[in-house]
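Work through the exercises below with the model open beside you. Try each task before reading its solution.

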Amino acid sequence: MPGLASLVLADARFPGGGHVHSGGLEEAVSRGLVSDVASLEGFLRGRLRTAGLVAAAFAAASAAVSACRPSSGPSPSRPSSSCDGAAATRARFAELDAELEARTPSAAAREASRAQGRGTLRAVRAAWPSPVLDDLAAVHPRPHHPLLIGAACGVAGEPPGEAARCVAYLAVSGPASAAVRLLGLDPFAVNAVLVGLGPALETVVAEAVSAADGPPPDLPAPGAPVLDLMAQAHVDQHRGRLRLFAS
Amino acid sequence: MHARAVLTVERGAGGRSVVRELRSQSPLSLVPRRGTAAAADPAVTVHMVGSASTPLAGDDVELDVRVGPGADLVLTGVAAAVALPGTDRPSSLALRFTLGEDASVQYLPEPTVVTARAHHHTLLHARLAPTSRLRAREVLVAGRAGEPSGRYRGTVRVEEHPTPHQSAVPVVPLLHQTQELGDPVLQESSAHLAARRVLGTEVLIWGADGVAVTGDWWSLSPLSRRGSLITAVAPDAVSTQRALAEAIAAHPGWAVGTRHDAVRALVF
């Protein structure tokens with residue numbers, strides 16, 4: 001069952017700055033690739049299976065590292081005998097950070113992930129203070145968003161699967177809400193599409209959790225070619241022009 | 001059929017690269033370029049010929065390529081590869097590149113056409129030294145004209161390994177990406193192929209990386225540590241290759257030039 005942390009982190013009203021990111025949807029709309037509920041669903045399914053799976057797997061792996069730190073919280077989900085102190089935790093976060101960077105070839109996508117991580121870090125620190133967050137911020141002051149969500153869930157005592165579900169949901173809920181604002185789509189129809197992604201989302205969560213048990217170099221790395229090239233085009237072609245979303 | 005091939009290139013006397021070891025067996029043949037043009041080129045060019053370029057189901061080909069310090073290799077395919085259906089097992093091609101300091105590899109195969117009902121897996125695993133250079137192109141065609149794509153899954157992983165005197169430095173992944181074809185949901189999704197049939201990627205770990213550059217349907221993006229990745233989608237292979245050429249011309253490290261202008265002339 002999800003705990004309070006993953007519910008709060010997935011809430012659109014969570015003050016982490018996620019509302020300024022559309023996950024590539026704004027660029028897809030400006031290219032005419034997404035124009036109605038059906039084309040939005042196609043976009044969301046592709047995004048979930050690619051960028052969503054990468055994010056979910058790294059969130060799950062990060063939650064496992066976080067829960068492993070002895071001082072991380074009231075109820076670590078793993079026995080502390082297999083767990084390590086600050087230096088080892090930092091080394092494991094650093095490896096996850098490097099592997100996630102290697103799986104994010106688009107500079108614009110890396111920047112969007114770090115910008116969201118930075119905004120979320122302040123809110124997470126206030127809600128779930130823990131030395132684990134210092135370990136993650138020591139690797140990079142602007143942690144990647146999936147690693148931070150995973151770390152926060154781990155600190156709060158939630159299992160890797162909840163972190164994966166939270167991040168996989170965010171990978172589609174942000175673009176879905178952006179579509180309502182950009183295209184004026186029927187919010188009830190868009191919400192129904194989101195709910196219809198349920199089985200695909202559970203498949204992604206299961207794959208993420210299973211991969212997070214293995215070594216970081218083996219974590220999934222599905223590419224999203226058009227998403228990647230649109231992410232950069234959004235930054236380049238809209239520089240200095242009016243746009244609603246940062247990504 | 002299972003085949004294991006080995007290719008070792010080293011820097012020889014006078015600075016020219018030479019083939020030290022070459023072992024290949026059906027369905028893969030490796031043929032070094034010969035003749036006066038080859039003799040004048042300080043880099044070694046080797047063509048991948050034969051059934052390696054037309055994998056059948058069940059074919060399982062591995063190629064280990066070692067390029068010693070300061071040596072340069074160009075590895076090309078001579079015909080469009082067509083992954084064809086056959087028995088119930090998938091076909092696979094695994095390439096492992098190990099590059100020494102100041103070594104370079106340009107891997108420039110012809111497009112892979114994933115025909116309907118094919119099931120093909122590929123792996124390209126490159127281990128670089130901090131000063132090695134790599135250019136690796138991949139053009140994937142989702143089915144012949146008018147037919148749906150077969151199943152394809154290909155992974156590229158590029159790692160930078162410390163030199164022997166840097167033993168405390170960890171292995172750094174520069175790029176790790178898996179591309180999948182043959183799933184209608186992904187192919188139609190505007191997040192994945194946006195209904196385009198051809199996907200081109202080109203990894204360029206080749207000197208200076210600039211800022212990201214984009215065209216309509218291609219992008220050249222600097223990777224996190226070093227190197228760049230070009231991504232292009234198009235309705236056909238020719239447009240894809242044109243987009244890749246346009247993108248690579250925008251890469252500062254490549255624009256400075258390879259050590260061998262003859263190689264560039266060959267490639268364009």
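This is a predicted model: local features need pLDDT of at least 70, side-chain atom pairs count only at pLDDT 80 or more; totals for chains, interfaces and linings use all residues.

Residues are numbered from 1 along each chain as its sequence is written, chains are lettered from A and ligands numbered from 1 in the order in which they are written, and side-chain values use heavy atoms, with hydrogens and water left out.

**Exercise 1.** Describe the overall build of chain B and the confidence in it.

Step 1. Chain B holds 5 helices and 18 strands; helices (H or I, at least four residues) and strands (E, at least two) are DSSP runs, numbered from the N terminus.

Step 2. The radius of gyration is taken over C-alpha atoms, and the globule rule is 2.2 Å times the number of residues to the power 0.38. For 268 residues a compact globule would have a value near 18 Å, and chain B agrees, with 18 Å. The C-alpha trace spans about 50 × 45 × 40 Å along its principal axes.

Step 3. Of the 268 residues in chain B, 57% are buried. Buried means under 20% relative accessible area, exposed over 50%, partly exposed in between (1.4 Å probe, protein chains only).

Step 4. Contact means heavy atoms within 4.5 Å.

**Exercise 2.** How many aromatic pairs are there over all chains? Classify the pair of B:Phe97 and B:Tyr107.

Step 1. Rings of Phe, Tyr and Trp (its six-membered ring) pair if their centres lie within 6.5 Å; planes under 30 degrees apart count as stacked, over 60 as edge-to-face and the rest as tilted.

Step 2. By this rule there are 2 aromatic pairs over all chains. The ring centres of B:Phe97 and B:Tyr107 are 5.6 Å apart and the planes stand at 80°, so this pair is edge-to-face.

Step 3. B:Phe97 belongs to strand β8 (residues 91-99) and B:Tyr107 to strand β9 (residues 104-108) of chain B, 10 residues apart. Both B:Phe97 and B:Tyr107 are buried.

**Exercise 3.** Which arginines lie over the faces of B:Trp254 and B:Trp217?

Step 1. A charge sits over a ring if NZ of Lys or CZ of Arg is within 6 Å of the ring centre and within 35 degrees of the ring normal.

Step 2. B:Arg135 lies over the face of B:Trp254, at 4.5 Å from the ring centre. B:Arg196 lies over the face of B:Trp217, at 3.9 Å from the ring centre.

**Exercise 4.** Is A:Asp97 buried or exposed?

Step 1. A:Asp97 is part of helix α4 (residues 86-102) of chain A.

Step 2. Its relative accessibility is 9%, so A:Asp97 counts as buried.

Step 3. Leaving aside residues up to four places away in sequence, A:Asp97 touches A:Arg114, A:Val139, A:His144 and A:Leu147.

**Exercise 5.** Why is helix α7 of chain A described as largely enclosed?

Step 1. In helix α7 (residues 145-155), 11 of the 11 residues are buried, so the rest of the structure largely encloses this helix.

Step 2. The cover over the buried residues of α7(A) includes α1 (4-10), α3 (37-68) and α8 (160-183) of chain A.

Step 3. After α7(A) comes A:Gly157, with a positive phi near 85°.

Notes:
pLDDT is the predictor's confidence in each residue, from 0 to 100.
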